Amino acid sequence: MSIFTPTNQIRLTNVAIVRMRRAGLRFEIACYRNKVLSWRSGAEKDLDEVLQTHTVFTNVSKGQVAKKEDYVKAFGVDNQTEVCKQILAKGELQVSDKERHAQLEQMFRDIATIVAEKCVNPETKRPYTVNLIERAMKDIHYSVKATKGTKQQALEVIRLLKETMQIERAHMRLRLRLPPKEGKRLKEKLKPLIKVTESEEFSTELEIVALIDPGCFREMDDLISRETKGKGSLEVLSLKEVEEGDEKLE
């Protein structure tokens, strides 16, 4: 697709249009294809790699530039770049049916990949293949949501798959070091967050090596920091506790 803007004769190629309605008016920005989702996921940080031009349009295809008073009224700022950021973050990406289908297929694969990376069979502690997770997602008729991030949807998929198959988040292995005065008391508070205690030693401090659900990490880190006033520590030894070997469950 090639678009000519009559006002300044800038030729826009490889265009993806993001549209938003605000204050009863339509606003559009011209972006590079495949960059909008990268920006929204945080993978792309350079705005110039996403926007074809820092210009707010009412119609990109016709090259109709938005009036300043209109976007100031709608967005409350007179900086076009800031308006572009708002539209980029929350606007509707205009794509063809073919592009939308390809986009959703890729997101489906990405979600399955994240689930396969984060989960294991709780009995064998071995990971599942991406293909098996994809088949399981199809079996539960999971529908990808283009407006939600893949990581967020992966967590949703894990929760849904638990109803039909044996699957759980792979555990994190941590080393906890707690001051002697707070150690015994704090250990009782940490118990509900620990799945398995692998070792426990006490010399000048209480040292515990344990497995936890990754979703509990932030709560545990906050608890240790708060209760020990920064004297305790939490060290990640491994992100995933899985059985050694290349075998994967099909």
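Helices (H or I, at least four residues) and strands (E, at least two) are DSSP runs, numbered from the N terminus. The model is predicted: local features need pLDDT of at least 70, side-chain atom pairs count only at pLDDT 80 or more, and totals for chains, interfaces and linings use all residues. Residues are numbered from 1 along each chain as its sequence is written, and side-chain values use heavy atoms, without hydrogens and water.

A pocket is an open set of points on a 1 Å grid over the protein atoms alone where a 1.4 Å probe fits, with protein on both sides within 12 Å along at least five of seven lines; lining residues have an atom within 4 Å of a point.

**Stop 1: the largest pocket**

Select V36, L37, S38, Q103 and M107, which lie nearest the centre of the largest pocket among its 27 lining residues. Next, colour α1 (36-41), α3 (80-90), α4 (97-118) and α6 (150-161), the elements that each give two or more residues to this lining. α4 gives the most, six residues. The space amounts to about 740 Å³, a volume being that filled by probe spheres set on the points, with grid points joined across faces, edges and corners.

**Stop 2: the second largest pocket**

Select L37, R40, G91, E92, L93, V95, R100, Q103, A146 and T147 to show the lining of the second largest pocket. At least two of its residues come from each of α1, β7 (92-94) and α4. Its volume is about 160 Å³.

Where does this pocket lie relative to domain 1 (16-94) and domain 2 (97-169)? It lies between them, because both give residues to its lining; the bounds come from an automatic or database domain assignment.
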